[in-house]
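Here is a short report for someone meeting this structure for the first time.

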Amino acid sequence: MQDELQARAAHLDGIRARAEAEMQAIGITQPAIDRLVETFYSRIRSHDTLGPVFEARLAGRWDEHLPKMKRFWSSIAFKNGAYGGKPVQAHLGMDGMQETLFADWLQLFGKTVGDLFPDERARAWYMQTAERIARSLILSLFYNPAMDDTSLKISR
Ligand code: HEM
């Protein structure tokens, strides 16, 4: 049992070390993530459509949001378990939330990543990751699986 636990811990250490090395090779380090999060959310706050939606929810709480988002990106990049929240629940019941805002979010994120990361592979990694999560948030927030359930269709 002890051996199994040790083997598992060593396996996880290996996964993390590999992830960190892969990210490092394309310029994604913890300080680079910190800078991205700080720059992106400072741009969000002065953005025409996104600013008011964020401000309505985060006024007086930005100091906790930024470290959380740094942990979020760190946990995806380095597979280190730094973030343990529930993104879908966090986006529920937001005043002014609309599906079209996700395009604005992705555009601003893409611009910020482009400004900060010279390596094309880093840009691609960020955008693929953000688009995947955005798609999954959009599905959870705006689509009801019952709409696609043909057995629930009322025949006319
Ligand atoms: C229209 C687009 C979006 C809006 C308006 C939005 C807004 C927000 C707001 C206001 C919060 C703070 C919630 C709270 O603490 O009460 C939040 C949290 C968060 N957002 Fe978004 N968001 C958007 C898209 C995204 C995308 C595309 C991602 C991922 C790539 C993302 C990841 C997160 C995460 C991880 C949190 C923290 C959740 C937690 O509390 O654990 N968001 N978002």
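## Ligand shell and helix packing

Five helices each supply at least two residues of the shell around the ligand: H3 (50-58), H4 (62-78), H5 (87-90), H6 and H7. Keep in mind that this is a predicted model. H3 gives the most to the shell, with five residues. There are 22 residues around the ligand, and Arg 57, Gly 85, Ala 90, Leu 101 and Ile 133 come nearest. By class, the shell has 16 nonpolar, three polar and three charged residues.

**A loop residue.** Met 94 lies in the loop between H5 and H6. Neighbours within four places in sequence aside, Met 94 is in contact with Val 53 and Arg 57. Thr 39 is another matter: Met 94 and Thr 39 are 55 residues apart in sequence and 23 Å apart in space, C-alpha to C-alpha.

The table sets out their geometry.

| Pair | Angle | Axis separation |
|---|---|---|
| H6 (residues 101-116) and H7 (residues 120-142) | about 165 degrees | 10 Å |
| H2 (residues 30-45) and H4 | roughly 135 degrees | within 9 Å |

Take H6 and H7. Their angle is about 165 degrees, and angles over 145 degrees count as roughly antiparallel. H6 and H7 are therefore roughly antiparallel to each other. Their crossing is right-handed. H6 makes the contact with Phe 102, Trp 105, Leu 106, Phe 109, Gly 110, Val 113 and Gly 114. H7 brings Arg 123, Tyr 126, Met 127, Ala 130, Glu 131, Ala 134 and Ile 138. The residues of this contact divide into ten nonpolar, two polar and two charged.

Now H2 and H4. How are H2 and H4 set to each other? They are oblique. Their crossing is right-handed. On the H2 side, the contact is made by Gln 30, Ile 33, Asp 34, Val 37, Glu 38 and Tyr 41. On the H4 side, it is made by Leu 66, Met 69, Lys 70, Trp 73, Ser 74 and Ala 77. By class, the residues of the contact of H2 with H4 are seven nonpolar, two polar and three charged.

Conventions
Residues are numbered from 1 along each chain as its sequence is written. This is a predicted model: local features need pLDDT of at least 70, side-chain atom pairs count only at pLDDT 80 or more; totals for chains, interfaces and linings use all residues. Axes are lines fitted to C-alpha atoms, for helices over the stretch in contact, and angles run from 0 to 180 degrees between N-to-C directions. Helices (H or I, at least four residues) and strands (E, at least two) are DSSP runs, numbered from the N terminus. Angles under 35 degrees count as roughly parallel, over 145 as roughly antiparallel, 65 to 115 as roughly perpendicular and the rest as oblique. A crossing is left-handed if the near helix is turned anticlockwise from the far one by less than a right angle, and right-handed if clockwise. Two residues are in contact if their C-beta atoms, placed from the backbone, lie within 7 Å. Ala, Val, Leu, Ile, Met, Phe, Trp, Tyr, Cys and Pro count as nonpolar, Asp, Glu, Lys and Arg as charged, and the others, Gly among them, as polar. A residue is near a molecule or strand if its C-beta atom, placed from the backbone, lies within 6 Å of it.
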